[in-house]
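Let's take a walk through a protein together, one stop at a time. Keep the picture open beside you as you read.

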Amino acid sequence: MKIQLGLKENWKQFTLLVIINAFVGGMVGLERSILPQIAEKEFAIAAKTAILSFIIVFGIVKAITNYYTGALANKFGRKKLLIAGWIVGIPIPFMLMFAPNWNWIIAANVLLGINQGLTWSSTVVMKIDLVGEKQRGFAMGLNEFAGYIAVAIVAFLTGWIASEYGIRPYPFYLGIGLVFLGLAGSIFFIKDTKHHVAKETISNTVPRLKNIFWDTTWKDKNLGSVTQAGLINNLNDGMAWGIFPILLATKGFTIREIGIVTAIYPAVWGIGQLFTGRMADKFCKKDMLYIGMFLQAIALIVLVWANTMLHFIVLSSILGWGTAMVYPTFLATVAENTNPQDRAKSIGIFRLWRDLGYAIGAILTGIIADLISINASIIFIGMLTLTSAFIIRYRMRCKTDGSLKIWNWITNKHKQHTATGNTKVFYNVKPSIK
């Protein structure tokens, strides 16, 4: 069998992995809309406490699992870890259906964190293996779009089922279907990508990392910039997840209005990645990350002074687009700056720090909101996000692969310059520093 790299050459396997990742995202969607109701109505726990405990437990467990998925991917193979993730997920819908107390819900979220770490990480790495160097951004855009749109769809469906038939057990029947389809699809239709890794290794010129953990975490200027931005991105997402509904309620918005505003942010984020993934293949990834984090920071800081529905819709859209610009670009940049033999482990380390951001964001937000105010916590997180943007601006470098600088593209200078046949001088991109 001849192994070829590329989206077109591997479209069948790639499509199957996108579908599998939609099932993965659906597992998170099971709880998004009805977890606070279960906490409040069945266990007499305040929604704020319930959301905080869910985010912390889920974030920490998923982060650690991401690391081990990356570390073990080359040893055991991506497919085996994907299947293991679905096996771990089997008890989750049943635990949510029949939990006699809140501790069972927390235990289900521990399993959910393991399930997400194993399955999502595996599908990410396998897609990158399949497409090779040219279309990684688009591949990651499709991957994250499928996952997050599934989160939204399943969250909507569970909320609708709960309103029609009750909070438990009916909404979680969806989870049984997701686990069955995900596990069966992974066993019978997904093929391991180790041969694609071997093929790319032959032609890849990126040197091996001396210390994968430290290089990915901070030492390598490109990888370290991406990792800190990933942590800050999920830190502000964790804040938005927990604080947005509370902030809107204090400003007198109805439950329906709160639902609209909180849905716009992930919707723009999810759908936007269909476009920003392609952009990450065309434009300098440093530009994508800097602008994306900068937009997030401005949206968060200005949010404190928002009062009308229009204000919140516009700012949620800007926050969603900023997140869409960075999310697929993160993974494509890690892949671009690592040797194929280091890639799975490096992605696992990046995702370890990125998803720890959920827990850190929830804890920081809660402490600052309790000690000072909600507005203070939002401004603090916004300033952290702005700092992250400037770290990218001054520490990261564009790769010398012909990628466009966004400002040059906006001003159409690249077209004028291309006509002179002196493209290399015009782009003025510095080599990636290793």
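A residue is called buried when its relative accessible area is under 20%, and exposed when that area is over 50%. Keep in mind as we go that this is a predicted model.

Is Ile-3 buried or exposed? Its relative accessibility is 17%, so Ile-3 counts as buried. Setting aside residues up to four places away in sequence, Ile-3 touches His-195, His-196 and Lys-199. Phe-54, by contrast, sits 51 residues along the chain from Ile-3, and the C-alpha atoms of the two are separated by 43 Å.

Now follow the chain into helix H1, which covers residues 11–32, and look for helix H4, residues 78–89. The axes of these two helices come within 12 Å and cross at roughly 30°. The crossing of H1 with H4 is left-handed. Which residues make this contact? On the H1 side they are Ile-20, Phe-23, Val-24 and Met-27, and H4 brings Leu-82, Trp-86 and Gly-89. Sorted by class, six of the residues in this contact are nonpolar, one is polar and none is charged.

Trp-86 turns up again when we look at the largest nonpolar core, which has 108 residues. Trp-86 and Phe-330 are the residues with the most contacts inside that core. Leaving out residues up to four places away in sequence, Phe-330 touches Val-226, Ala-229, Gly-230, Asn-233, Leu-289, Met-293 and Phe-350. Another core, of five residues, lies apart from the largest one, and its members include Phe-283, Met-325, Leu-404 and Ile-406.

One of the partners of Phe-330 deserves a visit of its own: Asn-233. You will find Asn-233 in helix H11, residues 221–250. Its relative accessibility is 0%, so Asn-233 is buried. Beyond its neighbours within four places in sequence, Asn-233 is in contact with Met-293, Gln-296, Thr-323, Val-326, Tyr-327 and Phe-330.

Next comes a link of another kind. A disulfide is a covalent bond between the sulfur atoms of two cysteines. How many disulfides does a search of the whole structure find? The search finds one, formed by Cys-284 and Cys-398, with their sulfur atoms 1.7 Å apart. Cys-284 lies in the loop between helices H12 and H13, and Cys-398 lies in the loop between helices H16 and H17, so the pair ties together parts that are 114 residues apart in sequence. The torsion about the S-S bond is about -85°, so this disulfide is left-handed. Both cysteines are tucked away from the surface by our cut-off: Cys-284 is buried at 1% relative accessible area, and Cys-398 is buried at 6%.

Finally, let's turn to the backbone. Most residues other than glycine have a negative phi, and most peptide bonds are trans. Ala-44 is in the loop between helix H2 (35–43) and helix H3 (47–76). With 72% relative accessibility, Ala-44 counts as exposed. Further along, the peptide bond from Arg-168 to Pro-169 is cis, with omega near 5°. Pro-169 also belongs to a loop, the one between helix H7 (136–165) and helix H8 (173–188).

Key:
Residues are numbered from 1 along each chain as its sequence is written. This is a predicted model: local features need pLDDT of at least 70, side-chain atom pairs count only at pLDDT 80 or more; totals for chains, interfaces and linings use all residues. Side-chain values use heavy atoms; hydrogens and water are left out. Axes are lines fitted to C-alpha atoms, for helices over the stretch in contact, and angles run from 0 to 180 degrees between N-to-C directions. Helices (H or I, at least four residues) and strands (E, at least two) are DSSP runs, numbered from the N terminus. A crossing is left-handed if the near helix is turned anticlockwise from the far one by less than a right angle, and right-handed if clockwise. Contact means heavy atoms within 4.5 Å. Ala, Val, Leu, Ile, Met, Phe, Trp, Tyr, Cys and Pro count as nonpolar, Asp, Glu, Lys and Arg as charged, and the others, Gly among them, as polar. A disulfide is a pair of cysteine sulfur atoms within 2.5 Å. Buried means under 20% relative accessible area, exposed over 50%, partly exposed in between (1.4 Å probe, protein chains only). A nonpolar core is a set of buried Ala, Val, Leu, Ile, Met, Phe, Trp, Tyr and Cys residues joined through side-chain atoms within 4.5 Å.
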